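User: Please take me through this model one term at a time. I want to know what each label rests on.

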Amino acid sequence: MINKVFAKLVLMGLMGLLAACGGETESTTTSAPVPEGTPSGSEQAQQFYAANPEFFSFKTPADVPTDLVWENGSHLPEIGSPNAKKGGVQYEAMQDYPRTLRLVGPDSNGAFRNWILDNVAVKLAHRHPDNFDFYPGLATEWALSEETRTVYMKLDPDARWSDGEPVTADDYFFMFFFNRSEHIVAPWYNNWYSTQYTNISKYDDYTISLTMPEMDPDILYNALEHTPSPEHFYAEFGPDYVERYQWRFVPTTGAYYVKDEDIVKGRSVTLTRDTNWWAKDKKFWKNRYNADQIYISVVRDSAKMFEAFKIGDLDMFGLSLAEYWYDKLPDSDPDVQNGYIHKSVFYNQRPRPTWGLWMNTSRALLENQDIRLGINYASNWDLVIERYFRGDFQRMRTPHDGFVEFSHPTLRARPFDIGKAQEHFAAAGFTQRGPDGILMNAEGQKLSFTLTSGAEPLAPVLTILKEEALKAGLDLRIEMLDGSAAFKKVQEKQHDIYFGAFGAFLEMYPRFWETYHSDNAYDDAFLEDGSVNPDRQIKVQTNNLESMAIYELDQLIEQYDASSDKQEMIELGHRMMEMHHDYASFVPAYVQSFYRVGHWRWVKFPEGFNHKHSDTSGELFVHWIDTELKEETLAARRSGQTFEPQINVYDQFAEEL
Amino acid sequence: MLFKLNPQTTKKLRRFREIKRGYYSFVILMTIIVVSLFGELLINNRALVVSYEGELYFPTYTDFRPGTDFGFDYSYETNYRDLKRRFEEEGQGNWVLLPLVPYSPNENHSVTGIYKADPPTAELQHYLGTDTTSRDILARLFYGTRIALFFSLGFLGAVYAIGISVGSAMGYIGGWFDLLFQRIIEIWSNIPFLYMVIIIFSVIPAAYAISTRIVILLVVMVLFSWTSMTYYMRTETYKQKARDYVAAARIIGASNTRIIFHHVLPNTLATMVTFMPFTIVSAITAVTALDFLGFGLPPPTPSLGELLKQGTENLRTAPWIVISAFTTLVVLLTLVTFIGEAVRESFDPKKFTVYK
């Protein structure tokens, strides 16, 4: 998560704009030489460490406490399948060409980063995808000292960057310097690395510790889910970082790297497997990252992507949308019936993206709770789920589903109920229906709101909602924008109602501060005594899309964030969810408790398909490409030979909802 | 008509009638336009006539009628198809007369209980099938075409009004005014139209009603399309201005206004009329393209472009979508082009110039 900007929005299939400038360009990895006398990246870092002695400490091995309980995740099961075979090329597609190969800074937070960082790079330790505990990555062992809120880590001396340099304690120091530097133009990172940690100490080249300001239950997560920054690579680091490093592939700790010649601008990027990868025989890393190469080409249109998959140019295709699963690749499709393409459904368990209607309570009318309740009752999500998603998805209960005991046990989203909706609208003064059936109040004002969204493929959902809301006398004006334009609009708090979602990461407990704290709604929302500040101004560029500002809720959030007691946090969390539910500024939409994928016969998955907390079929790289099977299948297709059809449902982790 | 028909014009019109292909295309298009004005009587989910407990209701053009008016227990708009079924079952002499196609372009009416594209059925009166959210394609096509047609007529009017005024002024006044406007137009017409529409439309608040947004789209398109007309008008006016009859009018003491409106403009009619159909074609194409790209009319407004887009996305699974949208577009554009050709031919001065 450290590597994902928290504000990342789930944009389902961001529409490829017109801006399609294809063609190869000359390699831009060479930049103007740095003027002589400019300090190198590591010299700048040394100066920074010296200027911040509180934060950066250099100690000796003798300073490591002796009474620590070291953990190493050795009780956890392996992740890769022993049947996996190395080799082959995996063919993938992306909708947009990445705008940069940098890992931070402007434009770096795109979908492509999964391929070079999020799903590939090895971090200090990772959450096991079946079990919430950590398994080792760059660290071999770690220990938590609760009194000092410090996590000690022993680094794996085998760890190497993809260019052969060893990964040492210095790279973790450099990570802090780098992510706190203004040159990277990434305020979120600047803030995170300045406020979430209070100290990093080096005991020797392979022993470090991190200290956190608060002792919260998920402290290990904040300490361990880090990928260091390669100090040697950023020798030319400076104010022109953003341009200078735009197209340079950052050495990785993971199994795949990118060669300069494999960056074909506007067309494709190819990842190559490091055959000498330092972790290739480690318990939790072996039998994963199996394909020799991953060829990712640009296909701007999802319909075309599907056709490319159908002729075998792509190996896998996500079939989570009902129209793909039932209509475009039905079980009766010849390729499925002949056993060439396999269809798999996998039920997973993890926090779900928060799809729903986000009401901006700072807008006229929406500040009225009755109106918000009315909108809740006038949103027919059950119909959308039943008719449009064909009953495959479930109704979301609260925006914090999937956090096990942290999720609220009894709260449920309000059902579609025209009677109740009208009662609430009437209580807000909207009693008369106008000539078009839309409710009006005594002043003749219509009950009408703009419904903004950037999720273009889901536009049909909104048109269904609109038709249904009209029955309750509510008019929703749909505004379908380009994904980034829509997100900009809501970040500027210019929306009435927004349909969208925040991505949810595999965390132990939900976050509230970002979305519900008044700090993110207004500048100085409340006066000293807790009353509303009459001069408060809307705060833009935050994730409090509902402009929620409740004094009491603020107190709970602060208590929750400061708490180190799990039970207390659960109770506080539930109370906050209840308050949020009562406030009714969010209409929970749906959750998808599975993912579905179509894959050619030569793409093999482990027994049981994947792991419990996996988000997509490819995320953990446990699949492999069987080159012999590929040849066999292609030959069989030509000769008409068929195989047993494979349509598999893996519901071993299905949850009762 | 703006100008009094002179014998020459009558001659041209007669000539137009003689070009059969263009003339019949014109008749067909006019029929489509006239019929579409009364489209609510043909394709609509509101009944034409309801006879309920001895009283007659004509809900098509009136305010909405809640279900409670006809003995249903809901307060939203009556579902007249249900009403008809109920009346038939009750058999108490109440009756409902539904339009030919009893669906509105925005309502989801699923044949199977699932919202997906269904093939055409005469039985359920989805004569062209349904789109991906079970909306009637014929209804969407019909209203989409109507919007496109009237949109393009509005576009034509506005582009002509601006183009002719500016163009004539440039030609007639000439001098620095002409020079200045030429430069302005050169700069203006170099702004990429499609990008501008996309940019402008993405910042316009959606708080306006759909009809307002359509007007805004129209205004934006006109803003970037009036320039081409000015060139022709400028040249034409220049030409006419230099002619003797204008000089003669001026000597008699005719005012500039009189000269422009009574002498110059009528003589440029040929140019204006010739470009009309092509302007319409370009407007229909532009609005369809914008919708196709998702930057045109806001959903759920029915539109040809949106249907085309759905169609291409579901080429394999629902070919009836793309077939109907494509056919409509082709027919429409062909009709307009035929008319255009005929107009051009009949207004071509060469036809009447005889050298002896």
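Analyst: Start with one pair of residues. Thr452(A) faces Glu479(A), which belongs to β20(A). This is a predicted model: local features need pLDDT of at least 70, side-chain atom pairs count only at pLDDT 80 or more, and totals for chains, interfaces and linings use all residues. Residues are numbered from 1 along each chain as its sequence is written, while chains are lettered from A and ligands numbered from 1 in the order in which they are written.

User: What makes β19(A) and β20(A) a pair?

Analyst: Strands pair if DSSP finds at least two bridges between them. β19(A) and β20(A) have 6 bridges, in the parallel sense. So they meet the rule for a pair.

User: What counts as a strand or a helix here?

Analyst: Both are DSSP runs, numbered from the N terminus: helices are H or I with at least four residues, strands are E with at least two. By that count chain A has 18 helices and 29 strands. Chain B has 12 helices and 3 strands.

User: Which unit do β19(A), α13(A) and β20(A) make, and what is its hand?

Analyst: They make a right-handed β-α-β unit. The term is used if, with the strands pointing away from the viewer, the path from the first strand over the helix to the second runs clockwise.

User: Why is β20(A) called mostly covered?

Analyst: Count its buried residues. A residue is buried if 20 or more other C-beta atoms, placed from the backbone, lie within 10 Å of its own; it is exposed with 12 or fewer, and partly exposed in between. In β20(A), 5 of the 6 residues are buried.

User: Is Leu365(A) buried or exposed, and how do you know?

Analyst: Leu365(A) has 20 C-beta neighbours inside 10 Å, so it counts as buried. It lies in the loop between β15 (356-359) and α10 (369-378) of chain A.

User: Why is chain A called as compact as a globular protein of its length?

Analyst: Compare two values. The radius of gyration, taken over C-alpha atoms, is set against the globule rule: 2.2 Å times the number of residues to the power 0.38. Chain A has 26 Å, close to the 26 Å from the rule for 657 residues, so it is as compact as a globular protein of that length.

User: How many residues touch between the chains, and what is a contact?

Analyst: Two residues are in contact if their C-beta atoms, placed from the backbone, lie within 7 Å. Chain A brings 31 residues and chain B brings 27. On the chain A side, α13(A) gives the most, with 8 residues.
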